Amino acid sequence: MKQEKQKGCDSRNVDRRSFLTGLAAASVGVAVSPTLYAANTAGAGGASAIAPTLPTAGKSPLTTLNNGVEMPVLGVGCFNLPTIQTADVIHFALINGYRLVDTAKNYGNEKEVGEGIVRSGVPRSELFITTKLWIEDFGYDEALRAFDRSVNELGLDYLDLYLLHWPVPTDFAKTIAAYKALEKLYADKRIRAIGVSNFNPEHLRMLTEQTEVVPVLNQIELHPFFAQQAAREANEQRGIKTESWSPIGGGFITLPKDPTNIVRLLEERTIVELGQKYRKMPAQIVLRWHIQHGFIAIPKSQHYERLLANIAIFDFELSADEMASVDALNRDLRAGPDPELFDVPAFRAILERRRAGV
Ligand SMILES: NC(=O)c1ccc[n+]([C@@H]2O[C@H](COP(=O)([O-])OP(=O)(O)OC[C@H]3O[C@@H](n4cnc5c(N)ncnc54)[C@H](OP(=O)(O)O)[C@@H]3O)[C@@H](O)[C@H]2O)c1
């Protein structure tokens, strides 16, 4: 019997539709093949000596943004999701409790995210969908047109959250013009909340001095190796929530600065040992750290058992000492680009390096 249950949740043993339907029907108490679990933890975080409890589907609590809108504190990220899998992943996430989806025009998968949303059957009013305005669409009119394209691709008539994807410090006037377009869309009730991403304290200062609507959040690279204390404080002083991208250090794997020496946050001893103590995966410990700090986190996974695990973090709590031990891992080590040096040519150079594999 036990064998059968595990088999039924291993996507290699059943066709995709039965797998998804089976999990949806049993939205709690889902069994995951230990073999599959071990294979997946070994790749990214290392298996612990004591097996973690099996991940079960969960629901994220909500947080209230500075304009009164409520938003889940945990969602699913869409960067680097293979296009062919995106609709399945989003469908799976939504039927298993996720309500927040973080995508971007630049990820090239808004259409597939929209397909996953429709297939899930989850009422629109329950969802919180974020997408981002890409820097090549900055400027007022350009931004309004890009918004229309994004909502069309997603198949939505309004967005929950629209973010400026990066500031462009070499042309900040265009960054301001783009944000003013977001303010117009917000006033027209086409977006429930507007915000920014990758804004340093200085970028935030310049933005808030020249615009009316305070961003609801600032989505920045943030994980235990890159604690971003100054950015967190600058956000907090203005009533802006901090949202963590690459919350479990995925950027070190997808954008390695040195492919021969990949940084692996989830193999860090402190995190692995806390995982053993709480019988949780290393990623769950790190996600718990984000939530207890009051951040919003959007881990990405294209593995179903990891999607289940990443949202099953609301049944345990790290102590103050344990939080401090994870805080102490900070190395001020970023995986992604420095926002101060980011613009269209810098982005194209990154793409070139990725294509060349260096
Ligand atoms: N605003 C921005 O500029 C910006 C930049 C980057 C990212 N983002 C957003 O933030 C989201 C998350 O960031 P990210 O995708 O860079 O990194 P991440 O979520 O920190 O990590 C993703 C990586 O961790 C693996 N993983 C997921 N769950 C795991 C688990 N439970 N155990 C072990 N490994 C696990 C994933 O592998 P598998 O998929 O193979 O499971 C993937 O390699 C993005 O998807 C995107 O929505 C925003």
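## Strands side by side

Strand β6 (residues 159–164) and β7 run parallel, joined by five bridges; strands count as a pair if DSSP finds at least two bridges between them. Helix and strand names come from DSSP runs, numbered from the N terminus: helices are H or I runs of at least four residues, and strands are E runs of at least two. Look for Leu163, which stands opposite Gly195 in β7. To get from β6 to β7, the chain passes through α7, and this β-α-β crossover is right-handed. Right-handed here says that, with the strands pointing away from you, the path from the first strand over the helix to the second runs clockwise.

Before going on, a word about what you're looking at: this is a predicted model, where local features need pLDDT of at least 70 and side-chain atom pairs count only at pLDDT 80 or more, while totals for chains, interfaces and linings use all residues. Residues are numbered from 1 along each chain as its sequence is written.

## The neighbours on either side

β7 also pairs with strand β8 (residues 217–221), again in the parallel sense, over two bridges. Here Ser197 stands opposite Gln219 in β8. The chain gets from β7 to β8 by way of helix α8 (residues 201–210), in a right-handed β-α-β crossover.

β6 has another partner too: four bridges join it to strand β5 (residues 128–133), and the two run parallel. Thr130 stands opposite Leu161 in β6. Together, β5, α6 and β6 form a right-handed β-α-β unit.

## Buried or exposed?

How covered up are these strands? Six of the six residues of β6 are buried, so β6 is largely enclosed by the rest of the structure. β7 is mostly covered as well, with seven of its seven residues buried. The cut-offs: buried is 20 or more other C-beta atoms within 10 Å of a residue's own, exposed is 12 or fewer, and partly exposed is in between, with C-beta atoms placed from the backbone.

Now for two loop residues. Lys189 lies in the loop between α7 (172–187) and β7 (191–197). Lys189 counts as exposed because it has 8 C-beta neighbours inside 10 Å. Its phi is near 60 degrees, a positive value in a residue other than glycine. Asp332 sits in the loop between α14 (320–327) and α15 (344–356), and its phi, near 50 degrees, is positive in a residue other than glycine. With 9 C-beta neighbours inside 10 Å, Asp332 counts as exposed.

Helix α5 (residues 110–120) packs against helix α6 (residues 140–154) at an angle of about 40 degrees, with the axes 7 Å apart. That makes α5 oblique to α6; angles under 35 degrees count as roughly parallel, over 145 as roughly antiparallel, 65 to 115 as roughly perpendicular, and the rest as oblique.

Which residues meet? Glu110, Lys111, Val113 and Gly114 in α5 meet Ser150, Glu153 and Leu154 in α6, where contact asks for C-beta atoms, placed from the backbone, within 7 Å.

Definitions and conventions: Axes fitted to C-alpha atoms, helices over the stretch in contact; angles between N-to-C directions. Contact = placed C-beta atoms within 7 Å.
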